[in-house]
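Please read its points beside the sequence and the model shown here.

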Amino acid sequence: MGRRKKGRVISGWLNLDKPYGLGSTSAVGQVRRLFDAQKAGHAGTLDPLADGILPIALGEATKTVSFLQDSAKSYRFTLAFGQATNTDDIEGEVIATSDVRPDNAAIEAALAHFTGTVQQVPPQFSAIRKDGQRAYARARAGEAVALAARPVRIDAIRLLARPDDEHASFEVDCGKGTYIRALARDLAAHLGSVGHVTALRRTRVGPFDEKTALGLDKLTALGHSAPDLAALDACLSPLMTVLDDIPALAIDEDAASRVKQGQAISPPAMPLADRLVLQCKGQPVAIGQSDGVSVKPLRVFNL
């Protein structure tokens with residue numbers, strides 16, 4: 001007989017405003033303990049030196065994490081000119097300096113070069129695997145890590161402020177896999193200088209933004225306010241929040257029973273889409289793969 005999992009059976013998405021200095025894994029652990037949830041996971045790592053939006057999935061919502069990871073994201077960051085570091089942020093050692101301080105006109109003119117699909121070399125201190133090891137692990141061991149350039153999508157980049165000659169603040173809308181530290185590094189180099197990120201905040205991940213985000217202090221206070229955790233549970237968004245752009249198909253109870261057993265179904269009418277959210281009485285049953293004739297369940301929800 002299998003060992004019973006600890007925690008409550010609860011499902012949904014939490015829009016966490018992760019604080020500076022806390023790693024994503026630690027943030028997930030704290031949220032899981034606050035909600036006393038059996039399962040938890042996050043959609044998109046946020047560095048300890050960055051703060052902002054870290055969507056956390058609880059329970060069956062963890063089965064939809066991959067759909068949110070592909071979503072567009074937005075960031076605000078501050079670039080300091082004059083010093084390059086080996087981590088491309090304030091945590092690293094200075095490896096190069098420059099006296100060049102570009103003016104606003106030069107910065108504005110350079111932004112078009114970093115809009116659209118661009119080739120980007122990830123930072124050495126990143127979670128990308130190199131020969132089976134995380135790049136940051138090899139870099140911390142003193143190894144010079146050569147990572148290949150890869151295409152990333154930058155939808156928009158805007159100059160927000162110029163507090164002084166040394167610093168410039170930006171806002172970025174981008175696609176999956178974009179490293180803001182690498183963008184800052186490359187922008188400074190394009191302007192004939194060197195630079196690194198001194199502040200970084202993620203402001204949006206797909207449907208989650210700053211307007212509805214909650215910090216750990218607020219969540220902790222809510223957890224203490226009601227022993228049954230009802231106040232915390234009210235903070236969760238439905239599992240379907242991250243699946244809104246996938247067509248839904250209503251099925252009856254008999255079809256839902258077969259889907260939950262992993263069986264394909266052939267409904268009388270289907271939307272023209274290869275992915276569908278199968279719903280029974282308004283409740284999500286599964287994410288299915290359609291070939292136009294039948295639908296095969298890919299992710300089944302136990303709600």
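1. In helix H6 (residues 216–225), the buried residues are Leu-216, Leu-219, Leu-222 and Gly-223. These four lie on the same side of H6, because they cover an arc of only 120 degrees around the axis; the arc is taken from the directions that run from the helix axis to the C-beta atoms. Buried means under 20% relative accessible area, exposed over 50%, and partly exposed in between (1.4 Å probe, protein chains only). Helices (H or I, at least four residues) and strands (E, at least two) are DSSP runs numbered from the N terminus.

2. The model is a predicted one: local features need pLDDT of at least 70, side-chain atom pairs count only at pLDDT 80 or more, and totals for chains, interfaces and linings use all residues. Residues are numbered from 1 along each chain as its sequence is written, and side-chain values use heavy atoms, with hydrogens and water left out.

3. What do the buried residues of H6 pack against? Their partners are strand E1 (12–18), helix H1 (24–35) and helix H7 (230–233), where contact means heavy atoms within 4.5 Å. On the face of H6 turned away from its buried side are the exposed residues Asp-217, His-224 and Ser-225.

4. Leu-219 also belongs to the largest nonpolar core, which has 48 residues; Leu-219, Leu-16, Phe-35, Phe-77 and Phe-170 are those with the most contacts inside it. A nonpolar core is a set of buried Ala, Val, Leu, Ile, Met, Phe, Trp, Tyr and Cys residues joined through side-chain atoms within 4.5 Å. A second, separate core of 18 residues includes Ala-43, Ala-61, Ala-213 and Ile-246. Beyond its neighbours within four places in sequence, Phe-35 is in contact with residues including Arg-8, Ile-10, Leu-58 and Leu-232.

5. Most residues other than glycine have a negative phi. Asp-36, in the loop between H1 and strand E2 (40–42), has a positive phi near 50 degrees and is partly exposed at a relative accessible area of 37%. Lys-281, in the loop between strand E15 (275–280) and strand E16 (283–290), has a positive phi near 55 degrees and is exposed at 72%.

6. Not counting residues up to four places away in sequence, Pro-123 touches Asp-88, Leu-147, Tyr-179, Arg-181, Ala-182 and Arg-185.

7. Ser-169, found in strand E11 (residues 167–174), is buried with a relative accessible area of 16%. Residues up to four places away in sequence aside, Ser-169 touches Phe-77, Thr-78, Arg-158, Leu-159, Leu-160 and Ala-161.

8. Four strands form an open sheet in the order E14-E15-E16-E17, with mixed pairing; two strands pair if DSSP finds at least two bridges between them. Strand E14 (248–250) and strand E17 (295–300) are the edge strands, each pairing on one side only. From one strand to the next, the twist averages 40 degrees. Axes are lines fitted to C-alpha atoms, for helices over the stretch in contact, and angles run from 0 to 180 degrees between N-to-C directions. E16 and E17 pair in the antiparallel sense over five bridges, and Gly-288 has Pro-297 in E17 as its bridge partner. Helix H8 (residues 253–260) packs on the sheet, touching E15, E16 and E17, and its direction makes about 65 degrees with that of E16.
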